[in-house]
Amino acid sequence: MEAPGYTLGETIKGLLRAWAASMIAAWIVTPLGISILYAFSSPDLYYNPGIVLPTSLTLSNIQQLWNLGAAQSVLNSVVVGILTVSFSFLLGLPAGYAFAKYLFRGRDALKLLLVGMRMFPIIVIAVPLLVIYFRLGLNDTLLGLALAHTAMALPFVVLISSAVFSGVPRELEEAALVFGLTPLGVFYRVTIPLALPGLSAAAMFTFLMSWNEVFIASVLTLTNRTLPAFILQSALASTDPIKFAAGFLMIVPALIFILIARRYLITAWSITIR
Amino acid sequence: MGFERFTPYVLIAPALLYMGIFIGIPILESVYIAFFEQGAFTLSSIDRLLTSSNYVEAFKFTLLLAGVIISVEVLLAVIIAVFLYYAFPGRDALVYIVIVPLAISDVAAGLIWYSILTGNGFINKLLLNAGVIDSPIQFLGYTVRHLEFLAIVLAEIWRSMAIVFVITFAGLQQVSREIIEAAEVFGAGFWAKLRHVIIPSIKPPLQSALIIRTLFAFQIFGVVWVLAGRDIPVLAGEAYYELRILFREDIAALYALTIAAVSIAFGYFYLRLLRARHLEV
């Protein structure tokens with residue numbers, strides 16, 4: 001008769017597993033935590049070699065950063081992000097729907113083309129785009145940057161909305177047609193509501209892509225800088241605590257997004273590869 | 001909804017047109033900027049590129065960084081994905097934790113690791129106060145370029161391993177339970193299942209992850225700029241510098257075209273090599 005409880009082998013395995021798990025968690029969380037702590041520690045505490053971790057927190061770094069011009073760049077990033085999501089969804093959702101719900105000649109080839117575009121180094125368009133924008137008067141504008149970001153996000157939006165729409169059961173749509181709705185009506189009343197969770201996650205991720213993008217933003221904007229461009233051009237010349245405060249500002253939407261959309265992160269990223 | 005003649009094309013056309021315009025025209029313009037001076041074709045920009053810029057170094061470092069970072073993070077991602085394959089208490093929480101860096105930008109990742117490695121950063125403070133060292137170790141700065149390189153590698157692995165992991169993990173999760181159970185019926189133990197079912201199932205998603213990760217690695221910019229500035233020149237960094245600081249558009253265009261060329265070449269050879277069956281959608 002087996003005695004209740006864990007065997008020695010199981011216990012050791014369990015302990016090793018717990019150790020590995022905590023090492024992995026620490027590897028991810030510690031740098032994050034440290035930089036956030038430092039972002040909120042006053043310069044005297046930070047520059048004091050005897051203090052490893054600050055015990056009292058302050059908002060003074062964020063305030064200083066704000067005064068340096070971060071407020072405006074955060075606003076710019078938000079505007080560009082919203083524009084990017086709007087444009088890419090306007091252009092991308094219909095295409096995604098077409099891939100999901102229609103059979104047509106060239107479907108596979110076009111989809112492969114889209115996957116190829118997703119892998120194209122979009123940042124290389126920034127250099128000529130600057131020159132082109134000068135001629136068009138779009139130079140140093142948020143609209144110009146949003147248009148470039150839309151090019152970056154569009155393949156992703158098409159691919160992921162295609163996957164999301166595919167997930168809406170065809171039977172429901174056909175049933176709606178039987179009940180007398182027009183195809184457009186089906187789209188609004190049946191498809192969109194069911195696709196909404198996935199599309200919302202895609203929208204948040206698209207916003208995040210634009211928010212995080214630094215190369216194109218740094219090249220195309222000068223006075224209307226977005227946050228990453230601002231960091232590159234101003235914050236890097238400032239003191240350490242200011243740098244960390246800037247880093248914190250950058251990761252706030254990322255942390256919010258992960259909190260809200262964590263379930264979709266895995267599916268979203270793996271879908272766009274296939 | 002079936003085989004309808006024009007609707008799908010009408011729906012797709014705007015997106016395709018937009019991409020065509022925003023990729024095609026800039027590429028053409030790039031070539032023009034790089035190779036045409038006042039309307040005449042010239043290769044003088046290449047000459048200036050090779051003699052008066054950091055082109056060779058940037059090319060070298062970009063590829064070197066890509067090679068080192070990707071090798072290490074793929075190994076880590078696979079090990080962690082396999083480790084997290086079987087459920088255990090806290091497994092789901094750990095998966096989410098590992099995925100967190102996915103949403104973090106390279107600039108932020110650079111700043112985060114700056115807070116760990118700089119003179120007043122966490123590691124130095126820790127070691128100083130523990131009595132292990134007498135004065136701060138310098139990880140960042142031109143004189144310690146080799147350590148800067150390591151810092152960049154560390155920060156990038158921390159940030160982008162999540163990308164490889166997510167794709168590999170998602171792919172692994174789809175390994176049919178039936179195959180696993182069949183293996184168990186045939187008496188496969190833990191290690192046998194690992195070797196004959198799990199590891200082979202990693203290959204397709206890993207290949208996808210590898211190609212996308214490598215292509216993005218050629219564009220490395222933010223992390224390098226934050227941690228090392230131009231001490232470690234990379235293609236994208238030099239392109240930015242040439243364009244925005246030196247106002248040499250033709251040189252910048254050449255850098256950009258180099259990134260595009262390397263990416264396309266790599267993508268082409270990679271797909272050829274694997275006859276990318278799994279990329280067919």
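Colleague: What should I know about the conventions before I look?

Modeller: The model is predicted, so local features need pLDDT of at least 70 and side-chain atom pairs count only at pLDDT 80 or more, while totals for chains, interfaces and linings use all residues. Residues are numbered from 1 along each chain as its sequence is written, chains are lettered from A and ligands numbered from 1 in the order in which they are written, and side-chain values use heavy atoms, with hydrogens and water left out.

Colleague: Fine. How many helices and strands in chain A?

Modeller: Chain A has eleven helices and zero strands. Helices (H or I, at least four residues) and strands (E, at least two) are DSSP runs, numbered from the N terminus.

Colleague: And chain B?

Modeller: Chain B has twelve helices and two strands. From the N terminus its order is α-β-β-α-α-α-α-α-α-α-α-α-α-α.

Colleague: What is the radius of gyration of chain A?

Modeller: For chain A it is 24 Å, whereas a compact globule of 274 residues would have a value near 19 Å. The radius is taken over C-alpha atoms, and the globule rule is 2.2 Å times the number of residues to the power 0.38.

Colleague: What box do the C-alpha atoms fill?

Modeller: Along the principal axes, roughly 85 × 75 × 30 Å for chain A and roughly 75 × 75 × 30 Å for chain B.

Colleague: What share of each chain is buried?

Modeller: In chain A, 56% of the 274 residues count as buried; in chain B, 55% of the 281 residues do. Buried means under 20% relative accessible area, exposed over 50%, partly exposed in between (1.4 Å probe, protein chains only).

Colleague: How much surface does each chain expose?

Modeller: About 12000 Å² for chain A, with carbon and sulfur atoms supplying 70% of it. Chain B exposes about 12700 Å², and carbon and sulfur atoms supply 67% of that. The areas come from the Shrake-Rupley method with a 1.4 Å probe; for residues, only the protein chains shown count as cover.

Colleague: Switching to helix 5 of chain A. Where is it, and how many of its residues are buried?

Modeller: Helix 5 of chain A covers residues 126-136, and eight of its eleven residues are buried. Among them are A:Pro128 and A:Tyr133.

Colleague: What do those buried residues pack against?

Modeller: In chain A, helix 6 (142-166) and helix 9 (215-220); in chain B, helix 1 (7-35), helix 11 (235-245) and helix 12 (249-274). Contact means heavy atoms within 4.5 Å.

Colleague: What comes just after helix 5 of chain A?

Modeller: A:Gly137, which takes a positive phi of about 80 degrees. In the loop between helix 5 and helix 6 of chain A lies A:Asp140, which has a positive phi of about 60 degrees although it is not a glycine.

Colleague: Is A:Asp140 buried or exposed?

Modeller: A:Asp140 is buried, because its relative accessible area is 13%.

Colleague: Which chain B residue in a loop has a positive phi without being a glycine?

Modeller: B:Phe247, with a phi of about 55 degrees. B:Phe247 sits in the loop between helix 11 and helix 12 of chain B, and counts as exposed because its relative accessible area is 58%.

Colleague: On to the core. Which residues touch the most other members?

Modeller: The largest nonpolar core has 200 residues, and those touching the most other members include A:Ile122, A:Phe215, B:Leu65 and B:Ile152. A nonpolar core is a set of buried Ala, Val, Leu, Ile, Met, Phe, Trp, Tyr and Cys residues joined through side-chain atoms within 4.5 Å.

Colleague: What is B:Ile152 in contact with?

Modeller: Leaving aside neighbours within four places in sequence, B:Ile152 contacts B:Leu65, B:Ile220, B:Val223, B:Val224, B:Leu227, B:Ala228 and B:Ile232.

Colleague: Last one, A:Thr191. Where is it and what does it touch?

Modeller: A:Thr191 is in helix 8 (residues 183-212) of chain A and is buried, with a relative accessible area of 0%. Not counting residues up to four places away in sequence, A:Thr191 touches A:Tyr97, A:Phe165, A:Val168, A:Glu173 and A:Val186.
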